[in-house]
Amino acid sequence: MEFDYLVPIPLSPQRLYERGFNQSAALIHEAGFTVTELLHRIHSEKQSKKSRFDRIHFHQVFQPLNLHIENKKIILIDDIYTTGSTLYHAAKVLKAGGAASVCSLTLARG
């Protein structure tokens with residue numbers, strides 16, 4: 001599959017500080033690819049603390065970074081796919097920013 005950017009699902013600055021690393025970015029890096037940060041995440045309650053209903057119906061927590069992505073093919077990378085809401089909201093922001101296509105790859109299904 002051809003792509004322009006491999007984009008990790010971002011952690012909020014607070015969550016990144018707690019964890020010390022972004023697991024999605026680490027997956028990209030350890031696979032030998034370049035990590036491209038295109039999104040910023042607004043801090044909210046941990047996904048693991050939310051019910052299935054809350055996960056599906058959460059508000060947009062992603063904001064685009066100031067990069068030009070018009071007509072680019074993007075693959076979002078995440079560690080765990082539970083309801084798909086995280087990837088849906090991230091893809092929505094990237095598509096609104098002009099991305100030609102947004103696909104996703106996750107390590108595990110939860």
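The following questions and answers concern a predicted model of one chain.

User: In what pattern do the helices and strands follow one another along the sequence?
Analyst: The chain has 4 helices and 5 strands. Read along the sequence, these elements give the pattern β-α-α-β-α-β-β-α-β.

User: What share of the contacts with a separation of 6 or more is made by residues 24 or more positions apart?
Analyst: The chain has 110 residues, and buried residues make up 35% of them. Among contacts with a separation of 6 or more, the share from residues 24 or more positions apart is 75%.

User: How much of the accessible surface belongs to carbon and sulfur atoms?
Analyst: The accessible surface of the chain totals about 6,900 Å². The part that belongs to carbon and sulfur atoms is 55%.

User: Which element gives the most residues to the largest nonpolar core?
Analyst: This core has 15 residues, and those touching the most other members are Leu39, Phe62, Ile74, Leu76 and Leu94. Two or more residues come from each of β4 (73-81) and α4 (85-96). With 5 residues, the element that gives the most is α4.

User: Which residues does Leu39 touch, not counting residues up to four places away in sequence?
Analyst: Leu39 is one of the core residues that touch the most other members. With residues up to four places away in sequence not counted, Leu39 touches Pro10, Phe62, Gln63, Pro64, Leu65, Leu76, Ala90, Val93 and Leu94.

User: Is Leu38 buried or exposed?
Analyst: Leu38 sits in the loop between α2 and β2 (39-41). Leaving aside neighbours within four places in sequence, its contacts include Tyr5, Val7, Leu67, Ile69 and Ile74. The relative accessible area of Leu38 is 3%, and the cut-off for burial is under 20%, so Leu38 is buried.

User: How far apart in space are Leu38 and Asn66, C-alpha to C-alpha?
Analyst: Leu38 and Asn66 are 28 residues apart in sequence. Their separation in space, C-alpha to C-alpha, is 7.7 Å.

User: What is the value of phi at Asn71?
Analyst: Asn71 lies in the loop between β3 (62-64) and β4, and at 63% relative accessibility Asn71 counts as exposed. Most residues other than glycine have a negative phi. In Asn71 the value is positive, near 65 degrees.

User: What distance separates the C-alpha atoms of His59 and Ser85?
Analyst: His59 is found in the loop between α3 (52-56) and β3 and is exposed, with a relative accessible area of 68%. His59 and Ser85 are 26 residues apart along the chain, and the distance between their C-alpha atoms is 9.6 Å.

User: How many nonpolar residues are in the lining of the second largest pocket?
Analyst: The second largest pocket holds about 190 Å³ of space. Its lining includes Phe3, Leu6, Leu27, Ile75, Asp78 and Thr106, and at least two lining residues come from each of α2 (23-30), β4 and β5 (101-109). By class, the lining has 1 charged residue, 1 polar residue and, as the number asked for, nonpolar residues numbering 10.

Note on methods:
Residues are numbered from 1 along each chain as its sequence is written. This is a predicted model: local features need pLDDT of at least 70, side-chain atom pairs count only at pLDDT 80 or more; totals for chains, interfaces and linings use all residues. Side-chain values use heavy atoms; hydrogens and water are left out. A nonpolar core is a set of buried Ala, Val, Leu, Ile, Met, Phe, Trp, Tyr and Cys residues joined through side-chain atoms within 4.5 Å. Buried means under 20% relative accessible area, exposed over 50%, partly exposed in between (1.4 Å probe, protein chains only). Contact means heavy atoms within 4.5 Å. On a 1 Å grid over the protein atoms alone, a cavity is a set of points where a 1.4 Å probe fits but cannot get out, and a pocket is an open set with protein on both sides within 12 Å along at least five of seven lines; lining residues have an atom within 4 Å of a point. Grid points are joined across faces, edges and corners, and a volume is the space filled by probe spheres set on the points. Ala, Val, Leu, Ile, Met, Phe, Trp, Tyr, Cys and Pro count as nonpolar, Asp, Glu, Lys and Arg as charged, and the others, Gly among them, as polar. Accessible areas come from the Shrake-Rupley method with a 1.4 Å probe; for residues, only the protein chains shown count as cover.
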